[in-house]
Amino acid sequence: MLQLPNTRYSGLALATLLGALSPTTSASEMFAKDSPWMLGDWGGTRSELLEKGYDFTLGYTGEMGSNLHGGYSHDRAARYSDQFTFGVNMDLQKILGWQDTEFQLTVTERHGDNISNDRINDPRVGGFTSAQEVWGRGETWRLTQMWIKQKYFDGTLDVKFGRFGEGEDFNSFPCDFQNLAFCGSQVGNWVGGIWYNWPVSQWALRVRYNLNDALYAQVGVFEQNPSNLESGNGFKLSGSGTQGAVMPIELVWSPRVNGLKGEYRAGYYYSNAKAQDVLKDSTGAPAAISGAAYRSSSSKHGLWLGAQQQVTALASDQSRGLSLFANATVHDKKTNAIDNYVQAGVVYKGPFDARAKDDIGFALARVHVNPGYRKNARLINQANGLDDYDNPGFLPVQDTEYSAELYYGIHLADWLTVRPNLQYIRHPGGVSQVDDALIGGLKIQSSF
């Protein structure tokens with residue numbers, strides 16, 4: 001029997017959709033399709049505040065997922081997860097007269113359930129990707145951004161300090177797809193124990209140097225503090241629990257190829273905190289057999305590559321056309337479960353003249369498990385005398401997971417896009433014994 005999702009915010013999602021269909025005449029009015037905000041211009045107050053340097057953000061993302069076929073559990077269900085975002089960006093040059101300076105404050109709240117947790121993935125080991133990317137890091141309120149940024153030397157040097165996540169600036173990628181393997185900074189998805197993506201924040205410093213209009217280099221230092229991940233520490237500001245620092249460096253090139261936009265990223269991260277080996281003890285023997293503690297490494301590191309390029313456009317509207325993208329990450333085999341990941345896809349914006357702001361996306365991803373991590377699982381089962389996958393105590397051996405997603409983005413209003421999607425997961429969680437899964441999804445992105 002199909003289980004209905006948590007309906008705490010279902011009414012809000014429905015009201016948002018219905019509001020997009022109601023006719024209005026002025027962009028300043030509530031629910032006007034050509035307004036960037038569902039609630040309109042607040043009688044002109046919002047535009048007045050923006051002119052004075054105050055830009056408010058009230059956002060909502062909701063995602064529904066249902067296991068249509070396959071997966072770990074064939075019992076049909078539908079799950080809903082969502083996120084509210086409340087933020088303000090302040091132009092401190094307008095407000096205080098501070099040249100080329102801005103301040104950002106953002107608070108988020110996440111809630112709901114994820115279809116991947118018990119229907120798609122084997123709960124004994126979990127999964128790698130998530131069919132609902134907005135789920136994660138706890139159902140809680142968080143201080144997601146609190147930073148100040150200032151530019152120097154006519155914008156050549158850009159310095160940002162405060163609380164924010166690595167993926168905000170490094171290994172950045174859009175989040176229009178619903179599957180986590182195609183959304184946001186992928187480094188954070190595969191080394192999430194040290195690299196904290198949105199909505200988690202930590203104390204950080206980022207310095208960017210613009211070499212020219214199309215090329216910049218940047219370096220950062222981010223507090224590595226696992227206690228920031230805890231649900232009860234969403235507003236924690238102290239450094240207690242800090243284990244070290246994550247230091248990314250990246251080169252970003254944004255050329256125009258035949259007049260069309262592109263972005264190419266290459267980066268490397270290094271953590272100076274101790275990291276646990278995935279297989280061996282201090283003597284070099286498998287810890288699962290010796291019974292000794294896993295040895296620790298003095299660091300953890302990895303690299304990434306990313307590319308996005310628009311390749312076609314309409315002569316009358318360059319915002320419409322085909323874009324290609326690809327991302328890859330490589331990680332330390334001694335200390336990380338995932339040793340490499342690759343992904344590629346296409347997005348076509350404005351597929352029809354009557355739907356010039358709609359978009360279609362398709363992507364494929366491969367997540368590969370470190371051979372040492374797989375060997376460790378086999379040895380644990382051997383030590384426990386288990387070889388039957390159906391035994392509750394058996395530790396499933398994870399290898400490679402493949403993901404695919406196709407979505408169609410319906411631009412209902414400038415403040416609302418709805419993206420129904422289909423996802424296909426082969427070997428969910430990298431476990432070959434789990435049936436390949438087909439997932440139906442719906443992603444709602446709205447700005448109030």
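# Worked exercises on a predicted model

About 530 Å³ of space lies in the second largest pocket of this predicted model. Let's start there and then move on to strands, rings and backbone.

## Exercise 1: The second largest pocket

Find out which residues come closest to the centre of the second largest pocket, which elements give two or more residues to its lining, and how the lining divides by class.

**Solution**

Step 1. Begin at the centre. The lining has 24 residues, and the closest to the pocket centre are Pro-174, Gln-308, Gln-310, Ser-323 and Lys-349.

Step 2. Two or more lining residues come from each of strand 10 (260–271), strand 13 (300–310), strand 14 (321–331) and strand 15 (338–349).

Step 3. Sort the lining by class. Nine residues are nonpolar, nine are polar and six are charged.

## Exercise 2: From strand 6 to strand 8

Trace the pairing from strand 6 to strand 7 and on to strand 8, naming a residue pair for each.

**Solution**

Step 1. Strand 6 (residues 202–212) and strand 7 (residues 215–224) run antiparallel and are joined by eight bridges. They make a hairpin, with two residues between the strands.

Step 2. For a residue pair, look at Leu-205, whose bridge partner in strand 7 is Val-221.

Step 3. Strand 7 also pairs in the antiparallel sense with strand 8 (residues 244–253), again through eight bridges. In this pairing Phe-222 stands opposite Val-246 of strand 8.

## Exercise 3: Two aromatic pairs

Decide whether the Phe-86 and Trp-141 rings are stacked or edge-to-face, do likewise for Phe-177 and Tyr-407, and say whether each residue is buried or exposed, or in between.

**Solution**

Step 1. The model holds 17 aromatic pairs. In one of them, Phe-86 and Trp-141 lie 5.8 Å apart centre to centre with 25 degrees between their planes, and the pair is stacked; the cut-off for stacking is under 30 degrees.

Step 2. Phe-86 is partly exposed at 34% relative accessibility, and Trp-141 is partly exposed at 44%.

Step 3. Now the other pair. The ring centres of Phe-177 and Tyr-407 are 4.8 Å apart and their planes meet at 80 degrees, so the arrangement is edge-to-face.

Step 4. Phe-177 is in the loop between strand 5 (157–164) and helix 5 (186–190), while Tyr-407 is in strand 17 (residues 400–413), so the pair ties together parts 230 residues apart in sequence. Phe-177 is buried at 3% relative accessibility, and Tyr-407 is buried at 2%.

Step 5. Widen the view: ring pairs link Phe-177 and Tyr-407 with Phe-173, Phe-182 and Phe-325 into a cluster.

## Exercise 4: Backbone angles to check

Identify where Phe-153 and Asn-171 lie, and find which residue is joined to Pro-199 by a cis peptide bond.

**Solution**

Step 1. Phe-153 is in the loop between strand 4 and strand 5. Its phi is positive, about 55 degrees, although Phe-153 is not a glycine. Phe-153 is exposed, at 64% relative accessibility.

Step 2. Asn-171 lies in the loop between strand 5 and helix 5. This non-glycine residue also has a positive phi, near 55 degrees, but Asn-171 is buried, with a relative accessible area of 4%.

Step 3. Trp-198 is joined to Pro-199 by the cis peptide bond, with omega about 10 degrees. Pro-199 sits in the loop between helix 5 and strand 6.

Conventions
Residues are numbered from 1 along each chain as its sequence is written. This is a predicted model: local features need pLDDT of at least 70, side-chain atom pairs count only at pLDDT 80 or more; totals for chains, interfaces and linings use all residues. Side-chain values use heavy atoms; hydrogens and water are left out. Rings of Phe, Tyr and Trp (its six-membered ring) pair if their centres lie within 6.5 Å; planes under 30 degrees apart count as stacked, over 60 as edge-to-face and the rest as tilted. Buried means under 20% relative accessible area, exposed over 50%, partly exposed in between (1.4 Å probe, protein chains only). Helices (H or I, at least four residues) and strands (E, at least two) are DSSP runs, numbered from the N terminus. On a 1 Å grid over the protein atoms alone, a cavity is a set of points where a 1.4 Å probe fits but cannot get out, and a pocket is an open set with protein on both sides within 12 Å along at least five of seven lines; lining residues have an atom within 4 Å of a point. Grid points are joined across faces, edges and corners, and a volume is the space filled by probe spheres set on the points. Ala, Val, Leu, Ile, Met, Phe, Trp, Tyr, Cys and Pro count as nonpolar, Asp, Glu, Lys and Arg as charged, and the others, Gly among them, as polar. Two strands pair if DSSP finds at least two bridges between them.
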